[in-house]
Amino acid sequence: MGTYHFHGNVNGPGNYGDHGVINIGPEEDAARVLRLAAELARWLTDRDAGPERLDAAHALRGELEEADRERRAPEPGLVRRSLETITLGLGAGSAGLALAQQISALLGG
């Protein structure tokens, strides 16, 4: 059995590509969720999704933008209903389902 000796800093950030800046918090999450919601709406539009899915995607994005402007949490019921409508019938492994799951995870769902 071998032993490994590490002589680096074990207590600080590893400086992996971000120069030691770790930016995880409400502002970063909110921006990421907005980007994902926009991407989901584009994905649905590109695939000629039904009007109910497109309406749900626009309602979701609108709520996320309004919550961000007002510096409040998005209304969980609207988010849940929108994501359920959007994902109903989407194929497992589809990009749309993956985007919806990422949004849900970032919002704590």
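Residues are classed as buried when their relative accessible area is under 20%, as exposed when it is over 50%, and as partly exposed in between, with a 1.4 Å probe and protein chains only. Helices (H or I, at least four residues) and strands (E, at least two) are taken as DSSP runs and numbered from the N terminus. The structure is a predicted model, in which local features need pLDDT of at least 70 and side-chain atom pairs count only at pLDDT 80 or more, whereas totals for chains, interfaces and linings use all residues. Residue numbers start from 1 along each chain as its sequence is written, and side-chain values rest on heavy atoms, with hydrogens and water left out.

In helix H3, the buried residues are Gly-77, Val-79, Ser-82, Leu-83 and Ile-86. The expected span of a helix is 1.5 Å times one less than its number of residues; for the 12 residues of H3 this gives 16 Å, in agreement with the 16 Å that separates its end C-alpha atoms. Polar contacts are pairs of N or O atoms within 3.5 Å, where, within protein, one atom must be able to donate a hydrogen and the other to accept it, and where residues adjacent in sequence count only if both atoms are side-chain atoms. The N-terminal end of H3 is capped by Glu-75, a side-chain oxygen of which lies 2.9 Å from the backbone nitrogen of Gly-77. After H3 comes Gly-89, with a positive phi near 85 degrees.

The loop between helix H3 (76–87) and helix H4 (95–106) contains Ser-94, which counts as buried because its relative accessibility is 16%. The side chain of Ser-94 reaches the backbone nitrogen of Leu-97 at 3.2 Å.

Salt bridges were assigned where a side-chain nitrogen of Lys or Arg lies within 4 Å of a carboxyl oxygen of Asp or Glu, and the count by this rule comes to five. One of these joins Glu-65 to Arg-61, with the closest N and O atoms 3.4 Å apart; the two residues are separated by about one helical turn, because they are four residues apart in helix H2 (residues 51–69). Glu-65 is partly exposed at a relative accessible area of 31%, as is Arg-61 at 32%.

A network of salt bridges links Glu-63, Glu-66, Glu-70 and Arg-72. Within it, the side chain of Arg-72 meets that of Glu-66 at 3.6 Å, N to O, and that of Glu-70 at 2.6 Å, N to O. Arg-72 is partly exposed at 32% relative accessibility, while Glu-70 is partly exposed at 44%.
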